[in-house]
Amino acid sequence: MTMKRMFRLSLLTAGLLSAFAAQAGTVALQHARVIDGKGGAPLENTTVLIEDNLIVAVDTDEQAKLPKDARIIDLSGKTVLPGLISDHSHLGMIDGLTAGPQNFTRSNIERQLRQFQRYGVTTVTSLGLNGPLFQTLRAEAHAGILPGADTFGADRGIGVPEGAPPMNVGPDQLYRPTTPEEARAAVREMATRKPDLLKVWVDDFHHTLAHKMKPEIYTAVIDEAHQKGLRVAAHVYYLDDAKRLVAAGADILAHGVRDLPVDDELITLMKEKGTWYISTLDLDEAFYVYAEQPEWMKSVFFRNTLQPTLAAQFDDPAWRAKVLADPQKVKVDKASLQTNLDNLKRLYDAGVKIGFGTDSGAMPLRIPGFAEHRELQLIVQAGLTPLQALTLATQNAAALLGLDDRGTLAPGKRADLIVVDGDPVQDIRQLEKIEAVWQRGQLVSGPVVP
Ligand SMILES: [Zn+2]
């Protein structure tokens, strides 16, 4: 947090911060509308009782038993919901308009984790391309001594020689095995660092890369990972790859299927295997939408996520013209988004397990914190209700990670929550009216302000 922002924050939320942030103890959030993350209708006139790091009770205002020393916050007219959880982001890849291994630094990663947190994303999964520093930062995040969102991750990940991912990363951020034996060795090496998941990049990025990952490589990775008790998330784009990966035992499709409508074969297979699906709707939209300058780009909520060089790019008519000058590319990305939206709805309705993620942080246009809000809006555009979308980003996203200590507001869960001055169940964009973010029972951030 810059001094300037810290000063601003302290001015705006001085009352709350001075009253609550410095002390542990019991806090009662009273008279709130509570979206508990479990998918049911919001609870009105409800009290959330927090003791130290944890939620200890969620009751109606009448039934709530408040300890004498409880500090009370009146949240009449406001909504409380669990902090959002990203199952697919990346840390330390980008800084402004730059991408590369030089960005995998403590200060850059902390900056990103703070930004996620300010936007209500209190848990972030860095799904691959993590250098050795990640182990230290993840341990600090879990211990509550790293500022910003809590962090999970997929260690380095496994890509393709002269293939995916096409990013410029250091040799300590990725394996590119040439044989199944090398792939198994990479899994064993990563397993020693206790990753939360593993990641493989399978496809050829719209046929721009020379090779896809050979099935014998990802089959070896999945087999070795499962022997080590690890699950594998796969970068996919094409329906064919998705089917082969699910059949081979991949645990998570880390992107939506975007070339073709999903079919009964994939749906049946995913349900049979219990495979998770993360649609990353924001990803394809981000390629073109900022050049189109939708009205929401003027909002403080959006502008505040932008580093100066990215803001300047968006304000540059030449950049916008260049993006829009390739109608073929814009057409492909728009078609990918539409297919992705349709497929999400189809898979959701069929009862496939859906997580939540955007690939934020992988490229400059995938903006940490904002991408997650845009993803929720796009999930609603796909035809889910705002409540269903929020359930994906909370309870489901936690379940994908195998975390039972968060994702819902219930006794015993971490007190990671967002206070919103509005009702996102009526209109998902009201989630942008963040009034406060709490993490581990501490008020960590106030409203997003200029
Ligand atoms: Zn990714």
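Arg-414 sits in the loop that runs between helix 16 (386–400) and strand 16 (417–420), where helices (H or I, at least four residues) and strands (E, at least two) are DSSP runs numbered from the N terminus. The model is a predicted one, in which local features need pLDDT of at least 70 and side-chain atom pairs count only at pLDDT 80 or more, while totals for chains, interfaces and linings use all residues. Residues are numbered from 1 along each chain as its sequence is written, and side-chain values use heavy atoms, with hydrogens and water left out.

With a relative accessible area of 8%, Arg-414 is buried, a term that stands for under 20% relative accessible area, as against exposed for over 50% and partly exposed in between (1.4 Å probe, protein chains only). The side chain of Arg-414 makes a polar contact of 2.9 Å with the side chain of Asp-416; such a contact is a pair of N or O atoms within 3.5 Å, of which, within protein, one must be able to donate a hydrogen and the other to accept it, and residues adjacent in sequence count only if both atoms are side-chain atoms. Leaving aside residues up to four places away in sequence, Arg-414 touches several others, among them Asn-53, Asp-150, Asp-405 and Arg-440, contact being heavy atoms within 4.5 Å.

The domain assignment gives domain 1 (3–82 + 407–445) and domain 2 (92–400), with bounds that come from an automatic or database domain assignment. The C-alpha centres of domain 1 and domain 2 lie 29 Å apart, and 27 residues of domain 1 are in contact with 27 residues of domain 2. Between them the two domains bury about 2,200 Å², 61% of it on carbon and sulfur atoms, where buried area is the accessible area (1.4 Å probe) that two parts lose on being put together, summed over both.

Turning to the aromatic rings, a search of the whole structure finds 11 aromatic pairs, in which rings of Phe, Tyr and Trp (its six-membered ring) have centres within 6.5 Å, planes under 30 degrees apart counting as stacked, over 60 as edge-to-face and the rest as tilted. Tyr-290 and Phe-302 form a stacked pair, at 5.6 Å centre to centre and 20° between the planes. Tyr-290 lies in helix 10 (residues 289–292) and Phe-302 in helix 11 (residues 300–303), so this pair ties together parts that are 12 residues apart in sequence. Tyr-290 is buried at 1% relative accessibility, and Phe-302 is buried at 0%.
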